[in-house]
Amino acid sequence: MDPTGTERNIPEGSSPVSGPRVLRSFRTELVKKEGDTVDAAWAGGIPAQYGVAPRVRLGRTKWFNLLWLIPIGLLLLIIGIAVAKGIRDLPGVQSFMQRYPGMSQLPNDAPVGFPAWLGWQHFLNLFLMTFLIRSGVTIMADHPRFYWTRHSTPGRDWFRMQKPVPPDPLYTAKQDSITLPDGVGLPGRRHSIGLARWWHLGIDTLWLLNGIVFFVLIFSTGQWKRLVPMSWDVIPNAISVTIQYLSLDWPVESGWVNYNSLQLIAYFLTVFIAAPAALLTGLGMSPALSTRFRRISSLFSIQAARSLHFLVLCWFVLFILVHVTLVLTTGALRNLNHMYAAADNESWLGFSIFAVSMMVVIVAWVAATPLTYRYPRKVQKVGSSLIGPAERLFEHIDSNPGQYSEKNISPYFWHNGKYPESQEYQQLRAGDFRDYRLRINGLVENPVELDLEQLHALPRHEQITQHFCIQGWSGVAKWGGISMQTIVDLAKPKPAAKWVIFYSFAEGPDTGIYYDAQPIGQMSYRLTMLAYEMNDQPLSFGHGAPLRLRNEVQLGFKLVKWIKGIEFVEHFSEVGGGQGGYNNDHEFFGYRQSI
């Protein structure tokens, strides 16, 4: 038994037995989506379900409702104002503020003023961030819990927006998802993560491009010197500015020449810490990268990445709120001219440009969700065209075995998907799958039909790997079964076969059996297999008995459970709705989902 992903041969003389040479196709059991819109029948008519107020765990069992931060924050602000007013006139504080008035010294060659390109960059960043934040919140709502370990164990989450997980052993992650108002989420409908990801990943591409242009320009023009603290006196100067703000005797604004130290620290953290952290933590949630760069992912797990990604979101939201408040309350006309008119005066030009830009943002905000519901396939295609090159790059990253051992196995592994309800499956399950047959056909030289005994007689493959669900949860498990390379060698695909279709006994939410397409090249990956055991036990009903797919560079919805057939085809466009899988056809997921 080898947990590193290697195979073990069966005793000499054992061999699989081929079944009938002509096997029926499962394509007749597929259904196409009626119309490409999001309506009341979405995801099988999944009802709206609202969560609870955001809360964090204190200790082992206590939870703190974050809405209490509003009155607590107001109380602390009042106390801070009272203290600042009380100490500002003290001789020691006066001396400190005279020594550190609030500004750090800039280099002599630092530029003065704001060029016009910076105003455009500012607007584009604001515009794109609105979509990123809204779609990110929708993604979060699909699994509204955060963890610090790679094991998504109920009760061990540190943050949640949902009730405790019920004791039902077959409770699924999809059941745990919540609804958001359409004006908040993008979109807000429950379990619309497929569309939210197209928005998030597609806009991310544009946001990163905008960021690259921004970094090139600030370093080529010297504007970076206004954003990076040059000496440690920025800290006492920031304390001085804080006292001035809290005492309501605010410092003189001179952002055209130099930011005060508190602004400088906030801008530095946002530009050089939070923005790169958003990129790195986002990539940390990629199954392909996680299984490839295992030295990093062993320490920096997907759940740590997801939690940090959420905290970066919180920083951006807080920064935006404070930034907008101070812009409008510390000389709105002059500040808006700085950002939008590249001028240091109090004319109404900057305000006029700002007003027009905000109208653009508001119209886009209001229209985004209705347009997504009306044209979801177009959202999918545009998002796919933006993120597609990166997906294709990650798709060719083979995964390495041996990252985990039995001590890493998760204490809890979420169930997911719609359970099979057909009479055929129920009869097979009642008979302990003695009459089960796996049908392998399509563009192969040797179509076969194998029962469980014959499958067990094939060379055994074991691996301990981490599962990545598109909803955000993860778990480590030990899988026993057959390498897909063994199946490929047995079936002998013809040269025209480029894709492998896996069919399930389970129906999708919109009826018709569940299926998914996988590139034939990934069938030779070292961690692609058909599993009939989980954690040294026969695969359970909830986890896909009697057979399920494992392909560790893909997200969980592509790892078909309750498999009844495998078909080798030239292209997935000829199968089902032609999008590469059930969730792709019906819920606008992508056939490439390595990110």
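Visitor: Where is the place of F588?

Guide: This is a predicted model. In it, F588 sits in the segment after α17. The residue has a positive phi of about 65°, although F588 is not a glycine.

Visitor: Why is F588 called buried?

Guide: A residue counts as buried under 20% relative accessible area. F588 has a relative accessible area of 0%, and therefore it is buried.

Visitor: What makes A43 count as buried?

Guide: A43 has 6% relative accessibility; the limit is under 20%, so A43 counts as buried. A43 is found in helix α1, residues 42–45. Its phi is positive too, about 55°, and A43 is not a glycine.

Visitor: Why is N345 called partly exposed?

Guide: Buried ends under 20% and exposed begins over 50%. The relative accessible area of N345 is 31%, which lies in between, so N345 is partly exposed. N345 belongs to the loop between α11 (332–340) and α12.

Visitor: Which residues is N345 in contact with, leaving aside its neighbours within four places in sequence?

Guide: They are L333, R334 and N337. Contact requires heavy atoms within 4.5 Å. As for R592, it is 247 residues from N345 in sequence and 51 Å from it in space, C-alpha to C-alpha.

Visitor: Which residues of α13 are buried, and what covers them?

Guide: The buried residues include P376, R377, V379, Q380 and G383. I387, the residue at the bend, is buried as well, and so are G388, E391, F394 and E395. The cover includes α5 (193–221), α7 (261–283), α8 (287–292), α12 (349–374), β11 (513–519) and α17 (582–587).

Visitor: What makes F502 and L530 stand out in the largest nonpolar core?

Guide: That core has 72 residues, and F502 and L530 touch the most other members. The largest share of this core, seven residues, comes from strand β10, residues 499–507. Apart from it lies another core, of 49 residues, among them F146, I178, I203 and Y373.

Visitor: Which residues is L530 in contact with beyond four places in sequence?

Guide: Among them are L438, G480, G481, I482, M484 and I487. The contacts of L530 also include F502, L547, R548, L549, I563 and I566.

Visitor: What lines the second largest pocket, and how much space lies in it?

Guide: About 900 Å³ of space lies in the second largest pocket. Its lining has 37 residues, of which H200, D204, G282, M285 and H309 lie nearest the centre. At least two lining residues each are supplied by α4 (116–142), α5, α7, α10 (302–329) and α13.

Visitor: Which peptide bond is cis with omega near -15°, and which is cis with omega near 5°?

Guide: The bond from L186 to P187 is cis with omega near -15°. P187 lies in the loop between β5 (159–160) and α5. The bond from A545 to P546 is cis with omega near 5°, and P546 is in the loop between β13 (537–538) and β14 (548–551).

Notes: Residues are numbered from 1 along each chain as its sequence is written. This is a predicted model: local features need pLDDT of at least 70, side-chain atom pairs count only at pLDDT 80 or more; totals for chains, interfaces and linings use all residues. Side-chain values use heavy atoms; hydrogens and water are left out. The bend at a residue is the angle between axes fitted to the seven residues ending there and the seven starting there. Helices (H or I, at least four residues) and strands (E, at least two) are DSSP runs, numbered from the N terminus. Buried means under 20% relative accessible area, exposed over 50%, partly exposed in between (1.4 Å probe, protein chains only). A nonpolar core is a set of buried Ala, Val, Leu, Ile, Met, Phe, Trp, Tyr and Cys residues joined through side-chain atoms within 4.5 Å. On a 1 Å grid over the protein atoms alone, a cavity is a set of points where a 1.4 Å probe fits but cannot get out, and a pocket is an open set with protein on both sides within 12 Å along at least five of seven lines; lining residues have an atom within 4 Å of a point. Grid points are joined across faces, edges and corners, and a volume is the space filled by probe spheres set on the points.
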